[in-house]
Structure formats: C-alpha cells, structure tokens
Amino acid sequence: MYYSKTIFELGRKGRKGYSLPNEDYGQYELPTHLQRTESLDLPEVSELEAVRHYTNVSFKNFGIEKGFYPLGSCTMKYNPKINQDMSAIEGFHIHPYQSVKASQGLLELYYETQRILSELSGLDEFTLNPYAGAHGELIGLMIMKKYHQDRNDHKRTKVIVPDSAHGTNPASASVAGFESVEVKSNFDGTVNVEDLKKVLGDDIAGIMMTNPNTLGIFEKDICEIAKLVHDAGGLLYYDGANLNPLLGQVRPGDMGFDIMHINVHKTFSTPHGGGGPGAGPVGVKKYLSEYLPVPRVKKVEDQYTLELDNDTTIGQISHFYGNIGVIVKTYSFLLSVGKEYFKDISKFSTLNANYIKESLKEYYELPIKGICKHEFVFDGLKDKSTHVTTLDVAKRLLDYDVHPPTIYFPLIFKESLMIEPVESESKQTIDNFIEIMKKVALEAKETPELVKNAPYTTVVKRLDEAEAARNPKVKYKDIQHD
C-alpha cells in the first residue's frame, strides 16, 4: 500500500515542504567546529505528503482512545479532553523566569494540587517537580538517604525490595547508591513477614512496597511490616503505581509509609506512554518535608512563594517547576472528580477487575482465589494441552482490536497474564472483552495453529523478537541495505 511505505520512499529529490522569505535578514557565520561536514540525510517530501504520511501512521497506533486497553500494572485511563483544554490556557504558558508576583495563578494551582494529594495520600507535604514515576522513586530514595546521613547513620546502605516489585524499584535503589535486598513473597505476592524479619538490621535504610501488590492483593500485614521496619530504624517507601483502588478508602500515610510517589499518568489520568512528558509527585511525612527538592511552592498568608533553598533539601532535581502542563491536567482531573467521588474510582476499578476474573476463571488458570483489587493475574490458559502460550493469546487479541494485557509479569508465574480494566470502562466494553477472551481460549483448544500464528490483521505481523532485540533495525538505511 502507498501509505505503508516509509517517508523516505515517498520522497523525491528536490521536493520541499517549506518556504523561507527572500528578504536578507543578515548572516551569521557558525564557528567551524559547529558546522556539518555532510548534508543531512532527510526525506524530501511536500507538506501535504508529510501530513498524510504521519496521519496514516497514527492510525496504525493503538491507544486508549481507540479501544480497550487492560494493561495490568499500568492503569491506562482515558485522559478527558477538558484536561487538555485546561493545560492549553495561555496563562499557564509562562516564561521560566517570570516573577513570583506575576505567577500567582500558577503557584496557587501548584499549592492546591499539593494539598489535595496530601489529603488523598495521608502524606503531609508534596513536591510536584519530578518528571515521572521512576524519577519520583529516585527522589524519594535520595530523601531517605539524606535523612540517614544527617543522623550520621552511614551504615544504612541497603533497601529491601520484595521479589514481586516493579522493576524500577531495584533500579532506582541502585541509582541512589543503595544495595537491594530481596525479600521473598508468599504465593499471593504479599510480603513474607518471616523472611522480612531475617533481613532487618542496622544496615537497612528502608523498604520499597506497593499496596495492593503487583498481583492486585492487599497487603493485610502492612501495619506489622511498618512496625518491624520502623523499629529497625528504616523508612517505608510507597510505590504509587497501584494507588488507584485505594482512593477514598485508605491512605498510604495511615498505613505507616513515610515517603511515596504518585504516578499522575496512572491514578489521575494524565497522558501515559509514548515517551511524552510525565510527572511523579513525591510526598513525605512532616519530619521529612525539609528534604524535599527545591523550588518548593509555599503559601504565606494570602500570597504564594517559592522557596529556592534551605539547609537540608536534596537540591534541585528538575528545571523550574517540573512539567507544568501535566500538573495542570492533574489538577483539572482532581477537581472534575471531586472529593466525594474518589471512592467511586476505587470501588468500580475493583468491581470491574473481579467481574472479569470470575467470568474467565473457567477458561484461564487462576492461581490466586478470592477478592482482588484493581488487577489480577492468570497463569495462562487453563487447558494447556495444545501448548498455546500467553504470548500467543496476546497476539491473537490484536486481531479482535483489543490491546493485550501485560504478559509474563510478575515473574512469580510462568505464563502470567495481568489484567487491569480501570473504573472508566462500561459493562458493555468489559462484557465484549470477556467474550473475546473466551473465544480465544476456545480457538486455542480447537484450532491452536490459528492462535499460534496470530496476528493476521495488524500492519506488522508476528516478529522474530529475539532477532529484533539482538539486531534491531531502527534506521531506514539499515533496511535499505538488506
């Protein structure tokens, strides 16, 4: 097809998609060391061809606005268009060095967002500066580290990470200069308290957890875990990836957590994925508040100010105020939902997940029985006699215009299929997904080769993933020379 070609193939030498004025605005000679020695190898197309090409490429992408997106652990919520409209308001597009006096509206929005997040989480103070959840993890661990160092407790060099944790947890600990200590999980992914007791000591800086855990099960022993870690001199860090089913029900700060980050692109519906701007606000208990990065937005009487430095801060970790547009979208969502309706988010996300789980447990292996929270995990098909794998099921779902759930994570089960429907999906959408999942399970039993060779309707068919990982072709020239 014409629009399956690369933009290089569409181009013709000498064709341009722009025009520049003929007036002489003067010239500026670049220093020799900044000048290119070769011409840029760019596609030569008209403006119309460029617009058509990238518009058609966008149609080939799958997003939350195109279809159901039950990606477990990622909480792929719809981003309401009013959020986009609010972030586009001209007054929020300020110059980074605009004076505090002339930025009162934006600073008020930041301050109010911080207070709402504090009320929802049970943490006393927040910074909105981190650029993403993983960035927030790093900031939280930097605060943890400085807290211990300021108390001359330099031997605390280890952070406990459960074996069911998100992969960013040990990575963030390593970047922050900590050594990760793994704690075994029970079969349902909850922390094994007896195993935890074995590793607690005066070298432990803290523990990183999410609750509910990666399998969607609530950590019923969290109060005991908090006491054990605190008694050992450590702090509790809450990975906010799974905050969605707790909203309005219970708060991490009340469970005993000292530090947390919130993935606003998960819990509060700002755009998720695609490499675009994100935000990972970090909250702390009051005794850690002076460690938060600067600048900090504060309120003094009826004015909003910026604290640019103090004696204990970990310093500046982002340019100016972080990603302003994402924070505006977060604030818009928080106000749109309203205080009295956050409980509905947690209730409906939990209801939807349990409805899907119970509807499909005769077709897919359900290793953990009972009530889950916002997500759950199947261990592949219940009937494995035809050797159809979780990967095969995921590929086949693409033919039904459904984005596959997360697969092969968590690592506790061999054929993990992790499903999270979120609260915003209708019963009709969920019922349709259930029927598709049943149909694929039936195909796997009756016509397994059909499933094993899927997908059939996508632009790109099944790839040799090992070859793609080891020898990726990411440039047009690489393909051209094959």
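These legends describe close-up views of backbone features in a predicted model.

**View 1. A cis peptide bond joins Val294 and Pro295.** Omega for this bond is about 0°. Pro295 sits in a loop. That loop runs between strand 7 (282-284) and strand 8 (296-300).

**View 2. Phe409 and Pro410 are also linked by a cis peptide bond.** Here, too, omega is about 0°. Pro410 belongs to the loop between strand 11 (406-407) and strand 12 (416-419).

**View 3. Tyr408 has a positive phi without being a glycine.** The angle is about 60°. Tyr408 lies in the loop between strand 11 and strand 12, and Pro410 is found in the loop between these strands as well. Is Tyr408 buried, partly exposed or exposed? Its relative accessibility is 30%. Buried would need a value under 20%, and exposed a value over 50%. Tyr408 therefore counts as partly exposed.

**View 4. Asp401 is a non-glycine residue with positive phi.** Phi is about 60°.

**View 5. The loop between strand 11 and strand 12 holds Tyr408 and Pro410.** Tyr408 contributes the positive phi of about 60°. Pro410 contributes the cis bond, formed with Phe409. Strand 11 covers 406-407, and strand 12 covers 416-419.

How values were computed
Residues numbered from 1 in each chain as written. Predicted model: local features only at pLDDT ≥ 70, side-chain atom pairs only at ≥ 80, totals over all residues. Heavy atoms only, no water. Helix = DSSP H or I, 4+ residues; strand = E, 2+ residues; numbered from the N terminus. Buried < 20%, exposed > 50% of the residue type's maximum accessible area, 1.4 Å probe, protein only.
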